[in-house]
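Work through the exercises below with the sequence and coordinates open.

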Amino acid sequence: MKRYAYINDDGSSQELYRDNRISNTKYTLLNFLPKNLWEQFSRFMNQYFLLIACLQLWPLITPVNPASTWGPLIFIFAVSATKEAWDDYNRYVSDKKANEREVWVVKNGIKKLIQAQNIRVGNIVWLRENDEVPCDLVLMGTSDAQGLCYVETSALDGETDLKTRVVPPACMGIDAELLQKIKGVIECPSPDRDIRRFDGNLRLFPPFIDTDVCPLTIKNTLLQTCYLRNTEWACGVAIYTGNETKLGMSRGVPEPKLTAVDAMIDKLTGAIFIFQIVVVIVLGVAGNIWKDTEARKQWYVKYPDEGPWYELLVIPLRFELLCSIMIPISIKVSLDLVKSLYAKFIDWDEKMIDQETITPAHATNTAISEDLGQVEYILTDKTGTLTENKMIFRRCCISGVFYGNESGDALKDPELLSAIETGSPDVIRFLTIMAIGNAVIPVQSKIGAIQYKALSPDEDALVQAAAKLQMIFVDRTANILEIRFNGRTIHYEVLETLEFTSDRKKMSVVIKDNNTGKIFLLTKGADEAILPCADAGQQTRIFTEAVEQYSQLGLRTLCFAWRELMADEYHEWSLVFKEANSTLVDREWRIAEACQRIEHDFEVLGVSAIEDHLQDGVPETIETLRKAGINFWMLTGDKQNTAVQIALSCNFISPEPKGQLLMIDGKTEDEVCRSLERVLLTMRITTSKPKDVAFVIDGWALEIALKHYKKAFTDLAILSRTAICCRVTPSQKAQLVEILKSCDYRTLAIGDGGNDVRMIQQADIGVGISGREGLQAARAADYSICKFRFLTRLILVHGRYSYNRTAFLSQYSFYKSLLICFIQIFFSFVSGMSGTSLFNSVSLMAYNVFYTSIPVLVSVLDKDLSEETVMQHPQILFYCQAGRLLNPSTFAGWFGRSLFHAVVVFTISLNAHAYEKSEMEELSMVALSGCVWLQAFVVTMETNSFTILQHLAIWGNLVAFYALNFAFSALPSSGMYTIMFRLCGQPSYWFTIFLIVLAGMGPIFALKYFRYTYRPSKINVLQQAERMGGPILSLGTIESQPRTVEREVSTLSIAQSKSRSPVYEPLLSDSPNTRRSLGAGGTFEFFQSQMRLSSVYSRNCKDN
Amino acid sequence: MADRGTGGTNPDSSEAHETAKKPRYSRFSQQELPAFKPILTPGWVITAFLAIGVVFIPIGLASLFASQKVVEILDRYDSDCIPATYGWNPVKYIQDANTNKTCTRSFVVPKQMKAPIYIYYQLTNFYQNHRRYVKSRNDKQLRSKSQVGTTDGCDPEAVTSGKQPIVPCGLIAWSLFNDTYKFSVDNRAIDVNKKDIAWKSDRDQKFGSDVYPRNFQSGDLIGGGKLNNSLPLNEQEDLIVWMRTAAFPTFRKLYGRIEVDLEANERITVVIENNYNTYNFGGQKSLVLSTTTWMGGRNGFLGAAYLTVGGLSLFLAISFILVYVVKPRPLGDPSYLSWNQSSADNNDGRRTPSVTSSI
């Protein structure tokens, strides 16, 4: 599909495309209610609640007032809807602001100030300096004589440098006055979201006769939300408007990520649902039997002899309604609430603020904080993530001479300086490429200092270094570059720029020396992209060695090459290139092909080496997180050697003999296969030896491995705790994440650049470093942090606490719902299985949304261990990773607890209020008070640290319970009129409550104490250590502990991620003993037997 | 900066960054509120259990004692009040309007009973809490005269066959208990005070003083007792008591009070009008005379439960002490941490062969 934008045509063609009204809103006033309701009801839980609520409208079966379900349901829906509405309103307001902004637009040949929303496709829009671009424009004219203008695109891609945009040649030099009358047509593709590509054509109509079709690229466009900078004015034709702009199209709601905890809660909800169905069927059948055998004899019930056809359904449905509270309606709201608080805690955290830029961490996705605590694999980018991405030119090798090897800084190397003095041609050419083989824009400030606006930090480093070596890049005016070398000014004309792509791995410029008229091709790029293209006669071995040597030192290398082009060769080629540039289909591929035609037979000049500093605290962070049992994979586009060096320097892998690095390489399928098998075998054997085994794979081998040996590679991925993948493309990064995810591992991807975006979006958790490569990664990520070292805090503190809190909160929600439900079920046994509700509607509603929700909400402040303790003992994260705090087993504990408490409450209130006291309203209030008291103590017992807020919520809630019930009891119209006053005046009521609390909590308390003291979990031990004020072993003191017994069997620290059991075995031991079953079949036999050995061993450890 | 990039993955993050740039420091936002962090030390726990035992046992004893002090006479009369001729078919006897329902029972007061002595009737196997039954009433109708036509929820006893509203409507009122008791000691009749047997709040607020029974028990099927049509509902205390539905199938309801002391060994004679049909569902009827204490009537449950819980607490406390003495275990010993059992100089402590022997 193509679109045609007719320039300055005010006729009908404008109607073809929409106006420039931007709308980010999801709803309109009219469709808000239906659309929002539809969305909310597409979730299973909500459908369930709606069904229940509808069933309750049938008075024959409803045990309670329908309000008891409708109330909370409407409340929950109102909360979600209000949140949506508020967000949408804010979007509407910001849209309105943008839409009503006034811009100069040519309408009917006259320049007018109109609102931005009235711009139509084909209108010419005039912008002044620092104006925001209101829609996607094709540049038509600028104040600059060469037709250049500068834009800042930070809102679009996060890159803060200025980019040049150029008027298409066809419009070059047209007078500003004439521009208002210009006519023509722009042919361009239908709107898409690619902000780096625009393939269009421009044809002007008479009188601007230029029958040539003029190709348009992204360089000729001004995209929405960019800012015009350093240019007095510019104007352009609107091509995409409103939501059809590149930015508008790239908006979209990403698929919501579901945390492991959410999945577990869903699973448990499903289990409860099945349990509920079973209960309903059993009780329903029993109820029908009782009805037919007993109830017909109870004359006062007056059962009709002949019931309606649905009579058999009535009792089961009543029980269904009675049991519907088993699935707590409040859990979703509570979880949403606490999750947004977790996110706020991350935003607020002062310890995660970067002191240099005062940028705090930010949680974009507020729903997945628990997952942070369950991370098992971290996939990290290298440049900019582990390193600072502050590039400094350190060394170079020019024509086989190494500079900077002694001092470590080529800029101070006297040899190089003297070579420049003497004007060695290779050195000068090398410096020329450094200075101008790039897309850097020099900006001369008023005092004459030159600042460089560079896209990549590497280019910045090179230009800066060249400037220090006397080759100063002074000015870029249109195609003319000005450099000053040793006081002389040289002018070059840029004929073509062959831009960098990650496939070509090199970039070139074709320049013409204005003095001599000679044409040169200057190229820089990765060694494997340059060296093979070298002139057949040139020896490139020395450069290979140089590259090798530099990457050993962890330096980034670039190869520089040049070639002189004959004039006709250039002209011939430039036609091809131009044609490739103006194609609409497959342009990228065509351009790459065209580039290949000229990028050959290079004369390689040398190799530059750029240093990239490690960020602060990277080795410590990696060490801590690995102690926490998290496996690290490094995915980088860098060379293997550089990657390995960086990996070594940041503790990623251990040097020999402790560590072992296994290479997977090969150019063909067979080679890769063999190497893969070999590595797998080594891995399996070495798992029993105390060695850090890591594998290294490069992009090429990875491609083959992923294509043909996916299974073997997956096995390897499971075995290996550390991996380095170099020379990988963005899509391979995403594929690796996918592989780990398919093995059911929780993955966290961290990166800073645009090439990490896919990986970040693919991973369970994406973390973006808001760094130098722009905000692209940070925008796509779920969390953005400033420094890699904040990852420790994000995972160990925020992730862990969030997981613990959610685990408690969700299970507790089920507990309290089950508790009241069990009491209802027990009551049905003494009420003729007829489905009578013991509790009245108000109590039921208030119980769920009020009495039991408030105290547990403050558990968001609970800290089982202090932050310092967790940081010192990161291994404790294991409990979260393995899901020890929320799984079917712990849930069974809560289930049992609610059953036990229901028995306690029911038996005690039944017996204490027997005979003359067996009044329904009184009994129901006794049982309800029992439940509320018990839950207050349950929360108390499960709370590890009490802040003032917790006390307020727990005890205040009890006070509020009585206050509220006194209020209800004072209303003559309510069913429970005077009941609470009556009860509270009786000593026996208080004795009953006292008894319920102690009979209910005593055994649980005793059991907890016993476990805590005699079968403590690691968390308990650390709690004790921390709070006894005793010596908490810091990492330092552990090292001084004497090592005594050496055994051949591996100890199983909890860092053994592969063999953790998600099942909590509170009374036995904490040793993980089951392996994640991955269906790996026989290949794992060996490994498994190792595991069994070690788990047996570890149990022995714990028992002594 | 008017960022319009909202929605989706990029909700105005630059704007968000601007505003989020300076988080306000507070102890709450930093999760650093001062907190009390108790741990379960043996001393603390054992003391708690001891204290529970020490508190509970006396309370248990006191309430058992109170319960024992209550003098209670329970006389089941349902089967004995069927004449032998109807022994095989009590239902026929009770449903026949022409049979003589009078029945005389007598029993001896075991201990002195101080006034007031409460008279209850006790029914078993009677499901006042049945779903069909418990809802079959209309509080609005009971409360005010203007609402006498309101009979929602009263089915199947809402209106007469002539569509006239029944006041009071519903199954509960319809099945009003109607046995009566007359007491005498040594041929001297004892007054039974039937005033104030219902809750004052019910009389004042729930049952109207201007609502009179209408069309009550006028259908083909007579349920239970009839009401005096000239008395307003709030003076029909038997009805008010009956309409406080019981939560369990076995329950007692207050019939009246005897306001003279009964001495030990006095013989009480009760003349019972045995009208109420519990026979076709096998419910028992009993007459209960009981005194009361601060804990209410005779109910040994609370006392026994307190003694049990107290005893168990003491037992637990003692066993915890014993375990503590026999096998002391230092709290927070880092050697329990498995990762401390291996050497720490390995980066992750995973595949280390060395082990510190603990304890």
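**Exercise 1. Describe the surroundings of B:Pro156.**

Step 1. Setting aside neighbours within four places in sequence, B:Pro156 is in contact (heavy atoms within 4.5 Å) with A:Lys302, B:Arg132 and B:Leu171.

Step 2. B:Pro156 lies in the loop between helix 5 (139-143) and helix 6 (171-174) of chain B. Helices (H or I, at least four residues) and strands (E, at least two) are DSSP runs, numbered from the N terminus.

Step 3. The relative accessible area of B:Pro156 is 35%, so this residue is partly exposed. The classes are buried under 20%, exposed over 50% and partly exposed in between, with a 1.4 Å probe and protein chains only.

Step 4. Between the C-alpha atoms of B:Pro156 and B:Tyr133 the separation is 9.9 Å, and the two residues are 23 apart along the chain.

A note on conventions: this is a predicted model, in which local features need pLDDT of at least 70 and side-chain atom pairs count only at pLDDT 80 or more, while totals for chains, interfaces and linings use all residues. Residues are numbered from 1 along each chain as its sequence is written, chains are lettered from A and ligands numbered from 1 in the order in which they are written, and side-chain values use heavy atoms, with hydrogens and water left out.

**Exercise 2. Classify two aromatic pairs.**

Step 1. Rings of Phe, Tyr and Trp (its six-membered ring) pair if their centres lie within 6.5 Å; planes under 30 degrees apart are stacked, over 60 edge-to-face, and the rest tilted. The count by this rule is 80 aromatic pairs over all chains.

Step 2. A:Trp290 and B:Tyr127 are 4.9 Å apart centre to centre with 75° between the planes, an edge-to-face pair. This pair crosses between chains, from helix 7 (residues 260-295) of chain A to the loop between strand 3 (117-123) and helix 4 (131-134) of chain B. Both A:Trp290 and B:Tyr127 are buried.

Step 3. For A:Phe632 and A:Phe652 the ring centres are 5.8 Å apart and the planes stand at 70°, so this pair is edge-to-face. A:Phe632 is in strand 27 (residues 631-635) of chain A, and A:Phe652, 20 residues apart from it, is in the loop between helix 19 (640-649) and strand 28 (659-664) of chain A.

Step 4. A:Phe632 has a relative accessible area of 0% and is buried; A:Phe652 is also buried, at 0%.

**Exercise 3. Which charged end sits over the ring of A:Tyr915?**

Step 1. The criterion is NZ of Lys or CZ of Arg within 6 Å of the ring centre and within 35 degrees of the ring normal.

Step 2. The charged end of B:Arg252 sits over the ring of A:Tyr915, 4.2 Å from its centre.

Step 3. A second case is A:Arg3, whose charged end sits over the ring of A:Tyr17 at 4.1 Å from the centre.

**Exercise 4. How do helix 27 and helix 32 of chain A pack?**

Step 1. The axes of helix 27 (residues 841-851) and helix 32 (residues 920-942) of chain A come within 12 Å and cross at roughly 10°. Axes are lines fitted to C-alpha atoms, for helices over the stretch in contact, and angles run from 0 to 180 degrees between N-to-C directions.

Step 2. Angles under 35 degrees count as roughly parallel, over 145 as roughly antiparallel, 65 to 115 as roughly perpendicular and the rest as oblique. Helix 27 and helix 32 of chain A are therefore roughly parallel to each other.

Step 3. The contact involves A:Ser843, A:Tyr847 and A:Tyr851 of helix 27, and residues of helix 32 including A:Met925 and A:Leu928.
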